[in-house]
Amino acid sequence: MPTATATKELTRRALQIDQAGACPLFVFALRADEILHVADISRVSRDEAGNLIGYQRPEVRRHIEEIVEYLNNDHAIFPNPIILALSSRAKFRSSRGPGAGDGLATAGNLTIPLPQPGKPKPAWIVDGQQRAIALARTQRRDYPVPVTAFVADSVSLQRDQFLRVNNTRPLPRGLVTELLPEVDSPLPPRLAIRKAPSALCDVLNNDKASPMFGLIKRASTAKERPSRAVITDTVVVDMISESLTSSSGCLFPYRDMSRNETDFDGILHALFTYWAAVRDVFPDAWGKPASKSRLMHGAGIRSMGRLMDRILGAIDPRTPNAPDTIRQHLALIAPHCRWTSGAWDDLGLRWNEIENVHRHIQELSNHLIRLYLNARAELV
């Protein structure tokens, strides 16, 4: 295995790929504990004259901790390369013989000078800052890491490549949400907490007994059923997640925190029962596009989800008469709802002026809950 020579340089077998004549590309491997030994992280800052220095984003602690946790797993696979800008002090020497090149790449040895006291490191991280920090902290110090590098001494060229590498749109949130239930390997906490709600959203959309059957727009089904699917899946996931994770949510009691167990059958029964009652009480607003019914809109689903927490907090959906009772409770607010026409009393908004923004969701939720509690109080 190639190692450092007299502690002054590091030699690795590499492939040289000539994409642009003046700037060859190298593909090779480094150990986890070698990345930050040879490469610096250039963070964004400004000098005394106000000029921009560097190009990297600040360290994101939680993301790094998630990567470290994954890397410490014996089955971890790390396919994404770290991208480095190498100093021109790095040298490549091609191998001899007919097998050294195939017209696309040339095999050889890449020699990188190791940093000396008081001297800058011979490389800079263009992409993979947080992964590099995580690799430096993993217990698996000898973990092999794929590296892609190009020679560039100028910060302007490094910054240009950084912007190009990072100027891609992230995966749509809806696609991530839909894929989560299909992932069997351990997930970072921020994704794991969305896995159960996303799986429940799947059942709501695919079970023929569900009141939302076929109505939820998912990344894979939006084009398949555009005329029927009218509810955005991320809104449903957020509605379920809020009820599951909040101690005041009606779905929270279905979680056994001490055993780390969740009664998914009970949750689905509650969701089916409540939303079937919503469908029955508001038939003219159910199943229509959000442009024609704000009940199917993000603000409508989220607000009615918060009302669900209040109603199912008082009614056990498992009792035989629960569907009728829930419909009776929803009927208390029905005369005041403006899902498809008119204006909302006390909100100062027409039905179609309600938007899927935090302020409108909060105002509509409070309005519906206030109407419900006042109507219940009058019955006592």
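Guide: A helix here is a DSSP run of H or I with at least four residues, a strand is a run of E with at least two, and both are numbered from the N terminus. The model is predicted, so to speak, by rule: local features need pLDDT of at least 70 and side-chain atom pairs count only at pLDDT 80 or more, while totals for chains, interfaces and linings use all residues. Residues are numbered from 1 along each chain as its sequence is written, and side-chain values use heavy atoms, with hydrogens and water left out.

Visitor: In which helix does Arg131 lie?

Guide: Contact means heavy atoms within 4.5 Å, and, not counting residues up to four places away in sequence, Arg131 touches Ile67, Phe78, Asn80, Pro81 and Ile82. The C-alpha atoms of Arg131 and Asn80 are separated by 9.4 Å, although these two residues are 51 residues apart along the chain. The helix in which Arg131 lies is α3.

Visitor: Does Arg131 count as buried or exposed?

Guide: Buried means under 20% relative accessible area, exposed means over 50%, and partly exposed is in between, with a 1.4 Å probe and protein chains only. Because its relative accessibility is 16%, Arg131 counts as buried.

Visitor: How many of the nine residues of helix α3 are buried?

Guide: Helix α3, residues 129-137, is mostly covered, and its buried residues are Gln129, Gln130, Arg131, Ala132, Ile133, Ala134 and Leu135. What covers them includes α1 (35-38), α2 (61-71), β7 (82-86), β10 (123-127) and β11 (144-151). Of the nine residues of α3, the number buried is seven.

Visitor: Are α8 and α9 roughly parallel or roughly perpendicular to each other?

Guide: The axes, which are lines fitted to C-alpha atoms over the stretch in contact, with angles from 0 to 180 degrees between N-to-C directions, come within 11 Å for α8 (residues 264-281) and α9 (residues 298-314) and cross at roughly 115°. Angles under 35 degrees count as roughly parallel, over 145 as roughly antiparallel, 65 to 115 as roughly perpendicular and the rest as oblique. The helices α8 and α9 are therefore roughly perpendicular.

Visitor: Which residues of α8 make the contact with α9?

Guide: On the side of α9, the contact is made by Ile301, Met304, Gly305, Leu307, Met308, Ile311 and Leu312. From α8 come Ala270, Leu271, Tyr274, Trp275 and Val278.

Visitor: Are α7 and α9 roughly parallel or roughly perpendicular to each other?

Guide: The axes of α7 and α9 come within 9 Å and cross at roughly 20°. In this contact, Val235, Asp238, Met239, Glu242 and Ser243 of α7 meet Gly298, Ile301, Arg302, Gly305, Arg306, Met308 and Asp309 of α9. From the crossing angle, α7 and α9 are therefore roughly parallel.

Visitor: What percentage of the residues of the protein count as buried?

Guide: The secondary structure of the protein comes to eleven helices and 17 strands. Among its 380 residues, the part that counts as buried is 44%.
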